[in-house]
Amino acid sequence: MQLRELEWFISLTETGNMTSTAEQLNISQPTLSRALARIERRLGVELFDRHQNRLRLNKYGEVFRAHAVRAVDEINQGEERIATLVDPDRGVVSIGFLHSFGGWLIPRLLDGYRVFAPRTSFELCGGAADAIVDDVRHGRIDIGFVAPRPNADDLRWLSLGREELGLGVPPGHPLEGRADIAVADLVDEPMVALEVGYGLRQVTDRLCREAGFTPRIVIEVTELSTLRALVTAGMGVAVIPTAWPGHTLATPTIPFRDRSISRQYGAVTRAHGPSGQAAQRFLEFVAEQSRSQPDTSR
């Protein structure tokens with residue numbers, strides 16, 4: 001059984017459709033069909049239940065998929081270990097991160113790491129905290145940089161620091177200029193926020209819930225930069241980071257009366273750590289950086 005056929009089978013289990021899988025793999029549908037037939041013939045069972053144009057894994061397919069994923073993962077790890085022995089700095093690290101971290105945290109880490117391992121390559125993907133954590137859990141990415149800390153006992157967490165949070169207010173807003181504000185004061189305020197699933201939205205919802213009310217969200221977005229722009233445009237107030245380390249921001253913010261309001265940010269990996277040597281080395285660098293540098297975001 002060829003490795004590429006196992007990879008094709010795994011892709012087919014994710015889409016459940018011959019045509020779309022063949023297009024993604026850049027092969028013909030008959031080629032994919034014949035590969036699946038060879039696998040099923042060798043195993044002596046069908047792996048999918050056919051429902052018109054959809055394929056659904058049956059009990060045999062579920063068992064075989066688990067072993068196929070482990071087999072492909074083992075081969076990939078073996079290839080990477082050999083490559084690392086030949087060239088310890090070579091390898092590919094896949095990273096997921098909150099969009100807002102793309103403006104400071106990720107560039108800072110990658111710029112520092114290339115001094116030690118200039119031949120390491122990175123695959124970067126920004127997204128929502130929940131999606132990033134899910135990608136880490138299922139091995140689609142090596143390391144996720146998220147905030148706040150996810151409630152996930154099956155994953156490993158490396159704390160990197162805290163971002164102070166404040167209330168972003170539009171210019172000329174009645175609240176502008178206040179020395180501080182309580183979360184409870186926002187009960188009647190129209191608010192803009194990130195969509196459900198984003199870390200900052202989780203923090204916003206929790207703060208309002210603890211203050212005894214449901215936030216009046218008038219607009220939801222997927223980018224922190226858009227959120228800030230909407231606040232500046234007068235669309236509502238928002239819970240936002242007051243600044244990122246070493247930078248100042250144009251959006252006016254009011255400190256919360258409870259000065260402990262912040263969000264912890266860090267790196268998340270599978271419980272046993274990243275599978276690849278290159279990712280493990282990068283995570284060790286990140287951990288060392290967090291120990292050696294003061295947390296200027298506090």
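**Entry 1: the largest pocket**

I looked up the lining of the largest pocket in this predicted model and found 27 residues there. Nearest the centre of the largest pocket lie Asp-73, Asn-76, His-138, Gly-139 and Arg-140. I noted a volume of about 910 Å³ for the largest pocket.

I then asked which elements each supply at least two residues of this lining. They are helix H1 (3-15), helix H4 (59-86) and strand S3 (91-98). The largest share comes from H4, with 9 residues. By class, I recorded 11 charged, 9 polar and 7 nonpolar residues in the lining of the largest pocket.

**Entry 2: the cavities**

I next looked up the cavities of 30 Å³ or more, and the structure holds 3. The largest cavity has a volume of about 90 Å³. Among the residues that line the largest cavity, I noted Leu-98, His-99, Ser-100, Thr-222, Glu-223, Leu-224 and Arg-263. The lining of the largest cavity divides into 5 nonpolar, 5 polar and 2 charged residues.

**Entry 3: helices H5 and H9**

Finally, I examined how helix H5 (residues 105-113) packs with helix H9 (residues 277-292). The angle is about 110 degrees, and the axes are 11 Å apart. H5 is therefore roughly perpendicular to H9, as angles of 65 to 115 degrees count as such.

Which residues make this contact? From H5 I listed Leu-109, Leu-110, Gly-112 and Tyr-113. From H9 I listed Ala-278, Arg-281, Phe-282, Phe-285 and Val-286. The residues of the contact of H5 with H9 comprise 7 nonpolar, 1 polar and 1 charged.

How values were computed. Residues numbered from 1 in each chain as written. Predicted model: local features only at pLDDT ≥ 70, side-chain atom pairs only at ≥ 80, totals over all residues. Heavy atoms only, no water. Axes fitted to C-alpha atoms, helices over the stretch in contact; angles between N-to-C directions. Helix = DSSP H or I, 4+ residues; strand = E, 2+ residues; numbered from the N terminus. Parallel < 35°, antiparallel > 145°, perpendicular 65-115°, else oblique. Contact = heavy atoms within 4.5 Å. Nonpolar A, V, L, I, M, F, W, Y, C, P; charged D, E, K, R; others polar. 1 Å grid on protein atoms, 1.4 Å probe; cavity = no way out; pocket = protein on both sides within 12 Å on 5 of 7 lines; lining within 4 Å. Points joined across faces, edges and corners; volume = space filled by probe spheres on them.
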